[in-house]
Amino acid sequence: MRVLQVCAEIFPLLKTGGLADVAGALPPALRAQGADVRVLLPGFASILDGLAEAVEVGTLAPPAGMSASGARLLYGHLPACNVDAYVIDAPAYYHRAGGPYADADHHPYADNHLRFALLGWTAAALAQGHDPYWAPAVVHAHDWHAALAPAYLRAAAEARHQRMPGSIYTVHNLAYQGLFDARQFGDLRLPAHFFAMHGVEFHGRLNFMKAGLYYADRISTVSPTYAREIQGPEQGCGLDGLLRDRAHELSGILNGVDESVWNPATDTLLESHYDAARLELKAECKAALQRELGLEAAAGRPIFCVVSRLTEQKGLHLVLQALPALVAQGAQFALLGSGDAGLETSFRAAAAASPGAVAVKLGYDESFAHRLIAGSDVIMVPSRFEPCGLTQLYGLQYGTLPLVRRVGGLADTVADTRLETLDTDATGFVFDEFSAAGLLQA
Ligand code: ADP
Ligand code: GLC
């Protein structure tokens with residue numbers, strides 16, 4: 001089956017979160033099951049730099065208003081990702097100082113609706129045969145950035161009275177919906193009747209996520225529990241009604257781990273290699289981590305770690321509140337993260353207050369994430385909500401016990417340690433109550 005995966009980021013070329021890990025891991029995993037997978041990506045500088053043997057495919061003619069002067073569609077190979085890719089080379093849209101979605105001051109780009117409409121529109125063009133040599137049977141769009149692909153496919157089906165390739169839309173995080181002013185709908189050149197409650201309209205605004213949820217043939221999200229949670233008002237982010245209506249077309253499919261990237265037996269970023277049979281070598285990773293972070297060199301002190309975006313979602317103020325008690329009990333703590341300025345300041349202060357026991361590294365550092373997870377004893381993910389979560393899976397892979405809140409994919413991937421599960425299926429520690437006391441108790 002020919003599958004076109006449409007997404008805004010892909011590991012290792014461009015990553016802001018778990019979406020990139022999954023987008024990078026899925027094509028080879030599907031290929032191993034016999035699928036013929038290509039990806040479609042916006043031409044951010046790091047993606048174009050990673051594209052080998054690029055050739056131009058046809059002439060891209062997006063609707064007026066989305067013209068991005070001189071946009072070209074390239075096809076080539078991404079050796080770093082081991083996948084063939086279409087890349088939209090539109091410098092006016094994608095070559096910007098700052099991140100893929102927002103400028104250096106974290107302000108979303110004012111023309112994001114156009115930048116990502118072009119992604120969805122191009123996916124639909126490929127599905128309609130833009131490349132005479134390859135057309136997908138299924139378009140697989142990820143998160144709001146790619147969510148207009150099913151809408152453009154539906155529009156084409158209506159205009160041509162033709163069946164289009166199938167579409168599936170995967171929700172990685174319902175909290176980021178791609179909301180825009182209603183006036184911007186006109187720029188998308190979708191049929192006017194799409195701006196309706198049964199369509200992309202959401203409380204008078206334009207909602208990209210809703211386009212994916214409404215027009216895709218099938219919907220998936222990244223864990224079975226999250227698939228249930230988002231059908232309720234508490235976690236439905238206003239879209240739970242639509243998700244309930246489509247419940248029979250919605251599945252929760254758990255994310256996996258790419259073992260070519262996350263495997264302590266082969267991970268070249270580590271001080272020593274280990275696996276379940278040579279667990280004593282993990283102690284060398286721990287000693288190296290304590291040296292690197294200036295933590296007291298104490299083999300017997302458990303290191304609790306966090307690798308995370310610093311946002312409200314992740315529940316990290318619980319960690320801040322629990323930290324003094326944790327340290328008083330003899331634990332060490334190390335965090336790698338970046339994001340919210342208030343959380344950054346608080347964690348920096350926590351490290352200053354407990355030198356030798358608490359270490360904090362602010363910023364984004366892929367290789368340090370590996371060393372930190374390998375060298376720690378426990379990895380904490382106390383999220384308020386969590387569609388799947390990957391760092392607890394990396395913890396399981398690295399013999400670093402996950403300590404998580406029972407929510408979303410965390411509930412599906414970690415089995416709590418109780419007397420009756422200790423010798424059978426226990427894999428970590430799970431707590432329910434969203435409080436520092438709940439975390440400390442676990
Ligand atoms: P989310 O996608 O919500 O951020 P996930 O747990 O699914 O959460 O994925 C997070 C990914 O980002 C993991 O691969 C994790 O190791 C990585 N990560 C998060 N913060 C950092 C950081 N500061 N430095 C390096 N990697 C990070
Ligand atoms: C999102 C979610 C996270 C999930 C990741 C990959 O960023 O916040 O829980 O693991 O996507 O699917």
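The expected span of a helix is 1.5 Å times one less than its number of residues.

**Ground rules.** I am working with a predicted model, where local features need pLDDT of at least 70, side-chain atom pairs count only at pLDDT 80 or more, and totals for chains, interfaces and linings use all residues. Side-chain values use heavy atoms, without hydrogens or water.

**Entry 1, helix 12.** I took helices and strands as DSSP runs numbered from the N terminus (helices H or I, at least four residues; strands E, at least two). Helix 12 covers residues 341-353, and its 13 residues should span 18 Å at 1.5 Å a residue; the end C-alpha atoms are 18 Å apart, which agrees.

Next I asked which residues of helix 12 are buried (under 20% relative accessible area; exposed is over 50%, partly exposed in between, with a 1.4 Å probe and protein chains only). They are Leu 343, Glu 344, Phe 347, Ala 350 and Ala 351. Seen down the helix axis, these fall within an arc of 125°, so they line one face of helix 12; the arc is taken from the directions from the axis to the C-beta atoms. A handy reminder: an α-helix has 3.6 residues a turn, so residues three or four places apart point the same way. On the other side of helix 12, I found Ala 341, Ala 352 and Ala 353 exposed.

Thr 345 counts as partly exposed because its relative accessibility is 48%. I also noted a polar contact (N or O atoms within 3.5 Å; within protein, one able to donate a hydrogen and the other to accept it, and sequence neighbours count only if both atoms are side-chain atoms). In it, the Thr 345 side chain reaches the backbone oxygen of Ala 341 at 2.9 Å.

Of the 20 residues around ligand 1 (a heavy atom within 4 Å), Lys 15, Gly 18, Asp 21, Arg 309 and Lys 314 come nearest. An N or O atom in the Lys 15 side chain is 2.7 Å from a ligand 1 oxygen. I then found a backbone N or O atom of Gly 363 at 2.8 Å from a nitrogen atom of ligand 1. Strand 13 gives the largest share of the shell around ligand 1, three residues.

The Asn 255 side chain puts an N or O atom 2.8 Å from an oxygen of ligand 2.

Note on methods. Residues are numbered from 1 along each chain as its sequence is written. Chains are lettered from A and ligands numbered from 1 in the order in which they are written.
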